[in-house]
Amino acid sequence: MIKNKLRGSTYMTRRVFCETGAVALTGLLAGGATLRAAAQETRLASIGGTAQTEAGPVRGLLRNGVQQFWGVPYGAPTGGANRFMPPQKPAAWNNVRDCFRLGERALMQPGRSEPASVVRALNRNSPQGEDCLNLNLFTPGLDGAARPVMVWLHGGGFSAGSGNYLLYNGTNLAKKEDVVVVVVNHRLNLHGFLHLADIGGDRWARSTNIGMQDQVATLEWIRDNIENFGGDPDRVTIFGQSGGGGKVTTLMAMPSAQGLFHRAIAQSGFALRGAPAADASEAAERFIAKLGIASNQLHRLQEMPVQQIQDAIYSEPRIAGLGNGPVIDGTVIPGHQWDPRAPSWSADVPLMIGTTETENGWIGPPPFELPEDEMLGLFATRLANGNPGEGRELLDLYRRLHPEKRNRMLWLTAESDNARRWNAQTLGKLKHEQGAAPSYLYFFDWYSPVHDNRMGSYHTLDIPFIFYNLDIAASMTGAEQSRYELGHAMSAAWAAFARTGDPDHPDIPHWPAFSPDAYPTMMFGDEIRVAEDPNREERLALASLRGT
């Protein structure tokens with residue numbers, strides 16, 4: 001194991017991103033009534049520059065030296081004749097379009113929110129609608145600098161969330177690392193994943209996985225327009241967390257996305273397999289029957305009020321397997337994304353993958369302690385196939401290897417080892433076996449002090465460090481000064497990977513590419529260090545219980 005304290009000489013402190021000064025005052029005066037109308041996004045901002053897109057010119061805001069463009073359309077509204085259809089290009093415009101406000105986010109289940117209150121606090125709950133094909137863009141300059149482009153795909157599975165969270169503001173990352181950050185909204189749940197291709201005839205042949213097709217349309221927009229925003233179309237990185245990681249690993253398996261991105265990062269979320277087309281077709285047929293529509297009347301789906309569709313999705317009885325995510329349709333997604341091997345379409349794309357130590361600490365937050373009988377029951381039923389003896393052996397192993405951990409944190413660690421961490425390591429192996437591009441493993445084990453240390457290193461906690469949004473996300477991270485050093489190390493590593501396909505930079509130890517003999521893993525925590533196969537004994541024990 002190599003240990004290395006952060007050098008701290010180059011990281012940017014909170015002060016850099018909290019300056020107000022004369023520039024901010026000028027912005028408030030210059031913006032006038034136009035800025036006040038969108039005050040949520042324009043505090044301390046001035047009118048920014050104008051950039052040309054294929055559809056027409058757009059104007060953004062200037063805040064803290066970064067050009068911000070909010071709600072830029074990359075596709076047409078998805079209602080009416082565009083409903084359940086592949087994305088269409090937006091209608092062109094002639095006059096300068098002010099992109100000062102958030103666009104609509106995708107339609108989703110009413111009242112759906114995150115399990116963690118500390119993350120829920122960062123959800124703007126912006127309006128939902130069918131005009132959701134928009135993006136937010138942050139760039140240090142509207143010039144020809146050809147900066148790396150980092151495209152963020154939000155979490156929430158394939159059914160919820162949006163790119164409009166405060167947490168995903170790309171200003172700090174763009175300024176600190178001199179990159180262009182693009183944050184995407186796209187169709188979700190049934191609106192994005194109703195599989196009609198096998199029941200609707202030729203007209204509906206591409207009506208499948210349209211939420212993923214939306215993301216391909218975003219990447220095409222970036223290819224065609226990003227140079228006018230100071231970005232390099234030949235250095236595009238897709239990155240995302242949880243459901244966003246699932247989207248990243250799915251895009252890697254899509255022929256239509258080939259060549260549109262050049263590096264990929266999946267954080268605490270991975271899609272190895274999709275739903276069989278036959279199952280998705282059956283769910284779709286049950287849904288249209290619930291609406292009183294025959295398979296030769298699919299045009300009626302585009303004629304009815306969208307609220308009628310929403311009511312049918314979420315009213316009882318619910319339809320199992322309806323619009324849950326990617327479908328293996330044979331064309332848009334030809335086969336299972338990462339089973340049995342890494343997808344050929346992205347063979348030359350380097351991949352970074354990782355997890356947090358106690359992923360499900362974000363649910364609740366959980367009670368501080370876990371009674372012994374419940375602890376043993378969880379190990380037996382959830383990890384040892386219902387066998388109490390094997391569950392006890394596994395629990396004893398974890399206690400021997402983690403003597404400092406109380407029951408709750410020990411269980412959350414074991415659960416993470418068995419699920420998200422297992423999948424991350426599997427992807428690392430599959431990418432290595434493919435032999436065309438490297439993969440890099442990380443493990444985030446910094447514990448948040450919030451909620452009296454009940455959540456640990458929980459799901460989503462790495463995001464504010466990567467975006468360097470540590471003050472924005474104080475509800476998640478607390479207020480410890482060490483946050484800034486870790487935030488520097490992580491945001492710089494992500495940006496280095498976006499630049500070159502290698503995450504090394506001077507303020508972390510050398511980060512080796514994955515190899516199956518050593519499982520080298522960058523550990524991001526109170527110390528930043530490289531560990532060889534950091535959960536080897538646990539991993540092998542879980543593999544034995546899995547029979548693999």
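Leaving aside neighbours within four places in sequence, which residues is glutamate 130 in contact with? Contact here means heavy atoms within 4.5 Å, and on that basis glutamate 130 touches Pro77, Thr78, Gly79, Arg83, Glu104, Leu107 and Val306. The structure is a predicted model, where local features need pLDDT of at least 70, side-chain atom pairs count only at pLDDT 80 or more, and totals for chains, interfaces and linings use all residues. Residues are numbered from 1 along each chain as its sequence is written, and side-chain values use heavy atoms, with hydrogens and water left out.

Back to glutamate 130, which sits in the loop between helix H3 (117-120) and E6. Helices (H or I, at least four residues) and strands (E, at least two) are DSSP runs, numbered from the N terminus. With a relative accessible area of 16%, glutamate 130 is buried; the cut-offs are under 20% relative accessible area for buried, over 50% for exposed, and partly exposed in between (1.4 Å probe, protein chains only). Its side chain is joined to that of arginine 83 by a polar contact of 2.9 Å. A polar contact is a pair of N or O atoms within 3.5 Å; within protein, one must be able to donate a hydrogen and the other to accept it, and residues adjacent in sequence count only if both atoms are side-chain atoms.

Strand E6 (residues 134-139) is where asparagine 134 is found. Asparagine 134 counts as buried, at 3% relative accessibility. Setting aside neighbours within four places in sequence, its contacts are Gly71, Val72, Pro73, Tyr74, Gly103, Glu104, Val183, Val184 and Asn185.

Now for the overall build. The protein has 18 helices and 16 strands. Its C-alpha atoms fill a box of roughly 70 × 65 × 45 Å along the principal axes. Of the 548 residues, 60% count as buried. Among contacts between residues at least 6 apart in sequence, 75% join residues at least 24 apart. The accessible surface comes to about 20,500 Å², and carbon and sulfur atoms account for 49% of that (Shrake-Rupley method with a 1.4 Å probe; for residues, only the protein chains shown count as cover).

Helix H12 (residues 407-418) has 12 residues and spans 17 Å from first C-alpha to last, close to the expected 16 Å; the expected span is 1.5 Å times one less than the number of residues. H12 is mostly covered, with 12 of its 12 residues buried, including Arg408, Trp411, Glu415 and Asp417. The cover over these buried residues includes strand E13 (351-356) and helices H10 (372-383), H11 (388-401), H13 (420-434), H14 (450-453) and H18 (536-546). Helix H6 (residues 210-225) has 16 residues and reaches 22 Å, close to the 22 Å expected. Since 13 of the 16 residues of H6 are buried, it is largely enclosed by the rest of the structure.

As for aromatic rings, those of Phe, Tyr and Trp (its six-membered ring) pair if their centres lie within 6.5 Å; planes under 30 degrees apart count as stacked, over 60 as edge-to-face and the rest as tilted. By this rule there are 21 aromatic pairs. In one, phenylalanine 158 and phenylalanine 193 have ring centres 5.6 Å apart and planes at 80°, so the pair is edge-to-face. Phenylalanine 158 lies in the loop between strand E7 (147-153) and helix H4 (171-177) and phenylalanine 193 in helix H5 (residues 189-193), so the pair ties together parts 35 residues apart in sequence. Phenylalanine 158 is buried at 12% relative accessibility, and phenylalanine 193 is buried at 2%.
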